[in-house]
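Let's take a look at the aromatic rings in this protein and how they pair up. Have the model open while you read.

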Amino acid sequence: MNRKFISKSNRVLRKVLNSKENLDIIKDFIEVFLKIEIQQIELNPYLQIKSKNLPSEENFGIADVRIKKKDGEELNIGIQFIDGYYAQNKMLLYYAQIHANQLEYQDNRKMTKTITINILDFSYLKSNQYFNKIVIPSKVEEMIELYVLELPKFNAVSKVITNKQEAWIAYLCGETEKIIESKIRKLDKIKKLDKLLDQYWEKEVME
């Protein structure tokens, strides 16, 4: 994994990304992995509110956003890193948390479909694919939809980066040389995130 955010991954990236100025990075990430076009995106306040009242070691994901696609559909999306303990429980609990957060918005918006993207620094699923979609039938919602990205499975494949999704995964893995060598254009959001992380660690003080 990229060493710039390996320590308390959710907390570091949450601090760096959860602002209106950096929503473009989250938007780019979601569009690339879910293969959708986003017309509108906004931060949901839940993560920031809860993190102020809980110990710093508590993880509440990287981002909780509400998006509106080009076709008009609205989605509630959460992104998180997961460590090697109780992965299945953490995926389902995080989904439930992000979905239930909609009750706290207090702006009369309708409950909508929730999707979570779970990033793992270990191999977990039986599939040989490094990015998988899990759909679980639900009596409450039409379907529970979870996406799982397993970084080691991508890292094990030695190849040239050919698209933006692979560039994002290579960056998460810390494979910066592959990104530099790639001929992919419009990687400005990855470069912006990298710069923000450099600035974060320059100011970080050991407690």
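## Aromatic pairs

Phe 29 has 7% relative accessibility, so this residue counts as buried (buried is under 20% relative accessible area, exposed over 50%, partly exposed in between, with a 1.4 Å probe and protein chains only). Trp 168 is buried too, at 2%.

A quick word on the source: this is a predicted model, where local features need pLDDT of at least 70 and side-chain atom pairs count only at pLDDT 80 or more, while totals for chains, interfaces and linings use all residues. Residues are numbered from 1 along each chain as its sequence is written, and side-chain values use heavy atoms, with hydrogens and water left out.

Rings of Phe, Tyr and Trp (its six-membered ring) pair if their centres lie within 6.5 Å; planes under 30 degrees apart are stacked, over 60 edge-to-face, and the rest tilted.

| Pair | Centre distance | Plane angle |
|---|---|---|
| Phe 29 and Trp 168 | 5.3 Å | 90° |
| Phe 33 and Phe 131 | 5.2 Å | 65° |

Phe 29 sits in helix α2 (residues 23-34) and Trp 168 in helix α6 (residues 164-173), 139 residues apart. Phe 33 is in helix α2 as well, but Phe 131 belongs to strand β5 (residues 131-137), so their pair ties together parts 98 residues apart in sequence. Both Phe 33 and Phe 131 are buried. Together with Tyr 147, these residues, Phe 29, Phe 33, Phe 131 and Trp 168, make up one aromatic cluster.

As for confidence, pLDDT (the predictor's confidence in each residue, from 0 to 100) averages 83 over the protein. Helix α2 has the highest mean, at 97.

Technical notes: Helix = DSSP H or I, 4+ residues; strand = E, 2+ residues; numbered from the N terminus.
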